[in-house]
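Please read the following report alongside the sequence and the coordinates. It takes up a sheet, a helix, a cavity and a hairpin in turn.

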Amino acid sequence: MKKKILIFDDDESIVDVLTIILDEAGYRVISAIEGKEALGLTKKEKPDLILLDILMSGMNGKEFKESLKEVKGANEIPIIVISANAKTEEISKEIGAVDFITKPFEIDEVLGKIANVVG
Amino acid sequence: MEHLALYIKREIRKNLDFDYLVKATFLFYAYYITGKIGLTLDPVSGFATLFWMPTGIALAFLFLKGYKFWPAIFLGAFFVNSTSGAPGLASSLIALGNTLEAIAGTYLLKRLSFSPALERLSDSVSLIFYAGILSTIISASIGTLALYSHGLLVNSFAETWFAWWLGNLISNIVVAPFILSWGYNPKVNLTIDKITEGLILGILVIVVNTLTFTGALGIFFKNAPFAYLIFPALMIIAFRFKPRETTTAVFVTALISALATYNGFGPFAINTSLGILTFLQFFIGVISMTFLILSSSNAEKRNLEQAKEDFLALATHELKTPITSIKAYTDISHKALVKRGDSKNAEIVGRMKNQIDKLSKLISDLLDISRIDEQKLRIEQSYFDFNELILEVVDQMQTITEKNVLITKLQRTKTLYADRDRMGQVMINLIGNAIKFSPKKSEIFITTRVENGKMIFCVKDRGIGIPKHELSKVFEKTFRGSEKETYPGLGLGLYISKEIIKRHQGDIWATSKKNEGSTFCFSIPIRES
């Protein structure tokens, strides 16, 4: 069965290119550019992994993780933080993400890290 | 008189609501009580006092809460004077003068976009000049005239006017900023460290004042000008804290010194025709102006630096975003072209990839530079295997060059305590330079050795070398060699590398001979785990 990945990033161009990459690699991709949408999709689709940007206007990554706790069963979904922020590693540890990717990224790196988590 | 009372009643009724009444009553009593205190302290002509808090209170209150509280000032001033022996009309006129002074001061400040945080130099200057020096002329003039026209002047007109004006001036630059800065931001969010520091400095201020004004050490140091000691104390506060804390320290100084001087203590307790407080007022006035200006100017600079840092972080984040997409799309195209066997176009796209990587590195370098300039370059140290890092970097760097062969000759590995990413950054920089400046097919040697408890890492190339006169400048910011047209780049790499090595308490140096090649080395102290 295809693994489902949720991409949550307020930049549509990033969402687009990641969708192409992940789709090519054989994953099923759902995406959101806004907090409420992301929460809704998480509830409905129960993705196997969430790719999360942490520095966004509106709801930011940390807040999203907090609200995830309210969604039943969502707390166990692994998160990979993906961001251009200089403190990416620090923040990803803070919110308990399983891994992190800094922008700009190498495609192989992204696919490798995702495969590590969902297979 | 009747008309005035009716007018005031009407004004009060217009704004009548509980909140207003509570605040207005508060202002009235604050004005009245501090006013009475002021008038008991040896006033000139009976009514021009040198220790006068009400003016500053009135200005701060009107500015923060609104013009509509003026009746409280009028009534407060009226009763202060009428209960001190001034006839009704004179008291009304004086009250009118004081009220106009507060309104004028507030108006001028609002016109000048004055911010009560006092975190800009212009705010302090406006307060001193427009509120302190100018608006007070109104009250001094009307007040002295009122006394004069009722034959109440005991001292000369000039002396009375001056004492009145000076007292109100001091009030506006000592009391007003204290109330304004706290009223604007009453929140205190300090760390334990800051609170401790604040307490220590606060006690220091009080101690200095005590020394100065009680002559506690007088037996040993008679006539010693302890008063000057307040300057370093206040300066530390101005630089370590914000205008809000500085104006507090100045206010406390003014209070202690006024009380002490009035009771005959201290170097300023000299009886002049204007009363006992004049020389002290000069002292307090100078101190207040000096530290208002110093603390606000300092706060402005710090805010500006913070804004610059915030902007830079935002800008680099924004720049990295489109680059991320472009890089990813380029990568996808490249892979697709390779898969399809279209080597010609794959190569073109491959070059695009390299340029994008360069662009991305440039942006990171710019951010590093700004951090270095502000001395905020962060080093996160951990234990790691040095040789492992070297081999990783060499593997990565070998993929970007075909004409140069990277050869490693490493001594037995050691565990180093340093910032692994930053060390990698320096190695990439040195090896990258070696590759860049070795256009002909040649080898590049990467070696390590241990000497005197230090790990030494060297990159030796057989490239174009560096002329002697440029060698000493090669680690400077924006140094670009004489061949800069042929070898592009911002020239930041070596400067950043030097700063990184410096932060590790290491050394970095270079030797070179033109057309024969260069050797770049750095050393890092080995810390036993």
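The sections below begin with the basis of the model and then treat each topic separately.

## Basis of the model

This is a predicted model, in which local features need pLDDT of at least 70 and side-chain atom pairs count only at pLDDT 80 or more, while totals for chains, interfaces and linings use all residues. Residues are numbered from 1 along each chain as its sequence is written, chains are lettered from A and ligands numbered from 1 in the order in which they are written, and side-chain values use heavy atoms, with hydrogens and water left out.

## The parallel sheet of chain A

In chain A, 5 strands form an open sheet in the order E2-E1-E3-E4-E5, with parallel pairing; helices (H or I, at least four residues) and strands (E, at least two) are DSSP runs numbered from the N terminus, and two strands pair if DSSP finds at least two bridges between them. Strands E2 (28–32) and E5 (99–102) of chain A stand at the edges with a single partner strand each, so one side of each is left without a neighbour in the sheet. Neighbouring strands of this sheet are turned by 20 degrees against each other on average, direction ignored.

Strand E1 (residues 4–8) of chain A pairs with E2(A) over 5 bridges, and Ile5(A) has Val29(A) as its bridge partner in E2(A).

## Helix H10 of chain B

Helix H10 (residues 243–262) of chain B has 20 residues, which at 1.5 Å a residue should span 28 Å, and its end C-alpha atoms are 28 Å apart, which agrees; the expected span is 1.5 Å times one less than the number of residues. Just after H10(B), Gly264(B) takes a positive phi of about 90 degrees.

## The largest cavity

A cavity is a set of points on a 1 Å grid over the protein atoms alone where a 1.4 Å probe fits but cannot get out, and its lining residues have an atom within 4 Å of a point. The largest cavity is lined by 16 residues, and Phe51(B), Ile170(B), Val174(B), Val175(B) and Ala254(B) lie nearest its centre. Helix H7 (157–184), H10 and helix H11 (278–340) of chain B each supply at least two residues of this lining, with H7(B) giving the most, 5 residues.

## A hairpin in chain B

Strand E4 (residues 442–451) of chain B pairs in the parallel sense with strand E2 (residues 404–409) of chain B over 6 bridges, and 8 bridges join E4(B) to the antiparallel strand E5 (residues 454–461) of chain B. E4(B) and E5(B) form a hairpin with 2 residues between them, and Asn452(B) in the turn has a positive phi of about 50 degrees.

Conventions: Axes fitted to C-alpha atoms, helices over the stretch in contact; angles between N-to-C directions. 1 Å grid on protein atoms, 1.4 Å probe; cavity = no way out; pocket = protein on both sides within 12 Å on 5 of 7 lines; lining within 4 Å.
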